[in-house]
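Trainee: I would like to learn how to read a few features of a protein model. Please start with charged pairs.

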Amino acid sequence: MDAMPFTMDGYLAAEAEPGDREGTVSWRLTCSAGTDRLVEEAVIPCTTMKPEIAHALLTERQPGDLLRVIGHLALPDTADGILWLHAESLEVLWEAPVLDADGEDADTATATDADADRNRAIAALAEALTGFGQAPPGPGQSIRIHISPTGALGSGLEHCHSFDVTPAMAHRLADYVDAMSCFMDSERPDSVVLDPQTIADLTGLFEDIDLIDLTNTVLNATRPEHRPAVTQAMDDMFGDVPSPEDTDP
């Protein structure tokens, strides 16, 4: 079957290996495709006959690098055949941090509580982004979001995810993030996100409050001996307020 033009983004799953011929190399690319309900992971074998790509993969790239491979996808002729992506150009989208050998041994010896908590957070974020929006992005209109743990990714590629969203979805996501930050001095409630219109309505409500009229109403309804304490409480909440003697008896 003829090969088709193809572009794929994914993480370098392991160190590239030299091919049988000089100037050739093979490697595996781990990629994810998000749907409304799940994230499908795939490992695509890649190869190239471009000496410059082979040199870069063998000497410069490391597991965990996020790569964009452009070339031709060779589909198998039989059901048990092998699919290959023959690369003609390579672009590095993100470089995994380089750690020293001692650090790598320490990191891979045991999984720390911090790592487990981070991975759970990545999984929760991936699930939320996977279900964000219903319509798939149109050609030429998508925005790609990559999330992954920091550090060496050679043994943690299952925690790397990529998502395509439309500009409209990106605006909605930005609005949700802004809403989460609109809690001034009060503590943000768990699992509560206000929509932008609600925030605008609340802002307008508080801007319309006349603090002098409010102060007069409260203090006039307060017994004289309690007015200093009430004045102090309102002053702590709203700033300077009229003193009791400035209000109507």
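Mentor: A salt bridge is a side-chain nitrogen of Lys or Arg within 4 Å of a carboxyl oxygen of Asp or Glu. This is a predicted model, in which local features need pLDDT of at least 70 and side-chain atom pairs count only at pLDDT 80 or more, while totals for chains, interfaces and linings use all residues. Residues are numbered from 1 along each chain as its sequence is written, and side-chain values use heavy atoms, with hydrogens and water left out.

Trainee: How many salt bridges does a search of the whole structure find?

Mentor: Side chains of opposite charge can pair when their charged atoms come close. The search finds six salt bridges. In one of them, Arg-223 meets Glu-225 at 2.7 Å, N to O. Salt bridges that share partners also join Glu-60, Arg-61, Asp-65 and Glu-95 into one network. Within it, the closest N and O atoms of Arg-61 and Asp-65 are 2.7 Å apart, and those of Arg-61 and Glu-60 are 3.8 Å apart.

Trainee: Is Arg-61 buried or exposed?

Mentor: Buried means under 20% relative accessible area, exposed over 50%, and partly exposed in between (1.4 Å probe, protein chains only). Arg-61 has 14% relative accessibility, so Arg-61 counts as buried. Asp-65 is buried too, at 1%. Arg-223 is exposed at 55%, and Glu-225 is partly exposed at 48%.

Trainee: Which residues of α3 are buried?

Mentor: Helices are DSSP runs of H or I with at least four residues, strands are runs of E with at least two, and both are numbered from the N terminus. An α-helix has 3.6 residues a turn, so residues three or four places apart point the same way. In α3 the buried residues are Asn-119, Ile-122, Ala-126, Leu-129 and Thr-130. They lie on the same side of α3 because they cover an arc of only 95° around the axis, taken from the directions from the helix axis to the C-beta atoms. The face turned away from that side carries the exposed residues Asp-113, Ala-114, Arg-120 and Glu-127.
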